[in-house]
Amino acid sequence: MGVLRIDGVDGRPIAGLMNYAVQSSVMNGSFTRSGDREITADLAGATATRVEQHFGDGTVALFLVGAAGDQAPYLTAVRTTVDANAQLRRSDAQEAGHALVDLLGERLATESVRIAEHTRTTEPTTPLRVVHDNVEVPAQLPPAGGLHALRPTTRHDFTPDGTTEAPVVVARIGDVVLACLQAELNARTGLDLKAASPFPAACVVTMVNGAAKYMADVGSYDRITYEAMNSRYARGAAETVSARLGELLRELRHEPIAVTRDRRHRSSSP
């Protein structure tokens, strides 16, 4: 759990950013007893609400989804099991699933509050810095028959489809950096990015400025995972983006940043 605490002039928290590698999907695919679908803020909303209630005084909490392409909540309203005849069985907790949202939200919020209350804030010595870039990566065709046709398999044809651009954003707030992109990275790529960061605190944030589905690591293509099959990005895309983000982080660490590559690039310094 990564937490960025922002204090007002009186030293009290006015905002907090929480970064955790889990999909906010406890209620995903669940229906009510009457057969309807509900609108819910799910795990992210439950966590943020509890953090805001704890600090009070108008404190705002924002949940930033980390590299969670292969990280679902370990408790969900909808479960799929395999019976004695190797048949898939689906069960739905329906409205009772909200109890799971509250339980997991409470656990994440408790950890977020613990970290925030043990955090010592300091005045930033560098200005807020935001850098945008577009990274050219290999693309592949979407799965034939759509994502609902995907099943566990030992063979799959990954069909190349030229290249595409993956927008990325890097934001520096003091000695904290946010490495952001639209695609959903796997946890392995997120850990590698954090390990390569020259900053003492780094958060990997996905589904920023839009969403672009999965960008799986090379190992996922070898194992033919769901993330690799259900992706418009081809093998090597995650590693290419990770390398570019690493470059931006190193350049950002040693101001001023200078980008001379042919990629489209823009930056701002509020």
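1. A cavity is, on a 1 Å grid over the protein atoms alone, a set of points where a 1.4 Å probe fits but cannot get out. Grid points are joined across faces, edges and corners, and a volume is the space filled by probe spheres set on the points. By that count the largest cavity here has a volume of about 110 Å³. The structure holds one cavity of 30 Å³ or more.

2. A word on the source. The model is predicted: local features need pLDDT of at least 70, side-chain atom pairs count only at pLDDT 80 or more, and totals for chains, interfaces and linings use all residues. Residues are numbered from 1 along each chain as its sequence is written, and side-chain values use heavy atoms, with hydrogens and water left out.

3. Start with the open sheet. Three strands stand in the order β1-β2-β3, and their pairing is mixed. Strands are DSSP runs of E with at least two residues, helices are runs of H or I with at least four, and both are numbered from the N terminus. Two strands pair if DSSP finds at least two bridges between them. β1 (2–7) and β3 (60–65) are the edge strands, each pairing on one side only. Neighbouring strands are turned by 15° against each other on average, direction ignored.

4. Take the β2 and β3 pair. β2 covers residues 13–20 and runs parallel to β3 over six bridges. N19 has L64 of β3 as its bridge partner.

5. Axes are lines fitted to C-alpha atoms, for helices over the stretch in contact, and angles run from 0 to 180 degrees between N-to-C directions.

6. Back to the largest cavity. Its lining has 15 residues, and A15, G16, V51, F55 and A116 lie nearest its centre. Lining residues have an atom within 4 Å of a point. β1, β2, α1, β3 and α2 each give two or more residues to this lining. β2 gives the most, with four residues.

7. Next, the strands β6, β7 and β8. β6 and β7 run antiparallel and are joined by 11 bridges. Within β7, V170 is the bridge partner of V131. β7 and β8 are also paired in the antiparallel sense, over six bridges. V169 has C180 of β8 as its bridge partner. The hairpin of β7 and β8 has two residues between the strands, and G174 takes a positive phi near 65° there.

8. Leaving out residues up to four places away in sequence, A179 touches V169, C203, V204, V205 and L245. Contact means heavy atoms within 4.5 Å. A179 counts as buried because its relative accessibility is 4%. Buried means under 20% relative accessible area, exposed over 50%, and partly exposed in between (1.4 Å probe, protein chains only). A179 and V60 are 119 residues apart in sequence and 21 Å apart in space, C-alpha to C-alpha.

9. Now the cores. A nonpolar core is a set of buried Ala, Val, Leu, Ile, Met, Phe, Trp, Tyr and Cys residues joined through side-chain atoms within 4.5 Å. The largest has 25 residues, of which L185, M215, Y233 and V241 touch the most other members. β6 (129–140), β7 (160–173), β8 (176–181) and α6 (237–253) each supply at least two residues of this core. The largest share, seven residues, comes from α6. A second, separate core has 21 residues, including A44, A46, F55 and V101.

10. Y233 deserves a look. Beyond its neighbours within four places in sequence, its contacts include V137, P138, A166, A183, M215 and Y221.

11. Last, the largest pocket. A pocket is an open set of points with protein on both sides within 12 Å along at least five of seven lines. About 1,200 Å³ of space lies in the largest one. It is lined by 28 residues, and Q23, N28, L147, Y214 and Y226 are the closest to its centre. β4 (78–82), β5 (88–92) and α5 (226–229) each supply at least two lining residues.

12. Is Q23 buried or exposed? Q23 is buried, because its relative accessible area is 18%. Q23 lies in the loop between β2 and α1. Not counting residues up to four places away in sequence, Q23 touches L43, A68, G69, D70, Q71, P73, E184 and Y214.
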